[in-house]
Every structure is written in structure tokens, then in C-alpha cells.
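Please look at the sequence and the model first, and then follow the description below.

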Amino acid sequence: MAYASSGLTRLAGGSGVSLWHYTTTDAAATVDAANYFNDSAGMFSVNDIILAVTASGGTPVIKILYVNAASATAVDVT
């Protein structure tokens with residue numbers, strides 16, 4: 001599966017930083033890969049935090065991602 005913007009929700013924000021929630025059936029390693037969130041690149045800023053609920057063989061896995069690089073066309077998380 002690929003990134004789906006329908007799974008992304010902004011929970012809170014202030015001082016130029018946002019907290020996001022993202023749900024997907026993709027594996028945690030897939031979501032953590034460079035460029036995964038590129039289709040919504042214009043929404044993210046450096047230092048944003050994403051709480052990602054991913055899957056591993058049908059078992060939910062929660063991962064906290066940090067946006068370490070963002071532009072109008074690309075997003076990198078760690």
C-alpha cells in the first residue's frame with residue numbers, strides 16, 4: 001500500500017510545530033522511509049511530530065516520527 005492522505009489528521013499545533021496522527025496498514029519501516037509523505041509535503045514543517053499507527057502482520061504498531069527535513073515537494077522523517 002502507499003501513503004493515503006485520508007489517514008492523516010492534524011491534532012494540535014503552535015509556534016510553527018504541529019502534532020499529527022497517521023493511520024495505515026503499511027509496515028512501520030515503510031512509513032519511516034524517505035519520501036513516504038511527499039504527497040502532502042506542503043503540510044509539514046521541520047520539527048513536526050507524527051504519531052503513526054502502522055501494522056505488522058495485522059498487529060498495530062505505534063511509531064513516533066519526527067520531520068527532520070521538509071520542502072514544498074519532499075518530506076523526510078526519522
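In this predicted model, Asn-68 is partly exposed, since its relative accessible area is 33%, a value that lies between the 20% under which a residue counts as buried and the 50% over which a residue counts as exposed. Asn-68 has its place in strand S4, which covers residues 59-70. When its neighbours within four places in sequence are left aside, Asn-68 is in contact with Val-46, Asp-76, Val-77 and Thr-78. For one of these residues, Thr-78, which is ten residues apart from Asn-68 along the chain, the separation of the two C-alpha atoms is 6.7 Å.

A second residue, Thr-54, belongs to strand S3, which is made up of residues 49-56, and Thr-54 counts as buried because its relative accessibility is 3%. Beyond residues up to four places away in sequence, Thr-54 touches Thr-24, Asp-26, Ala-27, Ala-28, Val-31, Thr-59, Pro-60 and Val-61.

| Residue | Relative accessible area | State |
|---|---|---|
| Asn-68 | 33% | partly exposed |
| Thr-54 | 3% | buried |

The strands are part of an open sheet of five, arranged in the order S1-S2-S3-S4-S5 with mixed pairing. Strand S1 (8-14) and strand S5 (75-77) stand at the edges, and because each has a single partner strand, one side of each is left without a neighbour in the sheet. On average, neighbouring strands of this sheet are turned by 30° against each other, with direction ignored. S3 and S4 run antiparallel and are joined by eight bridges; Leu-51, for example, has Ile-64 in S4 as its bridge partner.

Technical notes
Residues numbered from 1 in each chain as written. Predicted model: local features only at pLDDT ≥ 70, side-chain atom pairs only at ≥ 80, totals over all residues. Heavy atoms only, no water. Helix = DSSP H or I, 4+ residues; strand = E, 2+ residues; numbered from the N terminus. Buried < 20%, exposed > 50% of the residue type's maximum accessible area, 1.4 Å probe, protein only. Contact = heavy atoms within 4.5 Å. Pairing = 2+ DSSP bridges. Axes fitted to C-alpha atoms, helices over the stretch in contact; angles between N-to-C directions.
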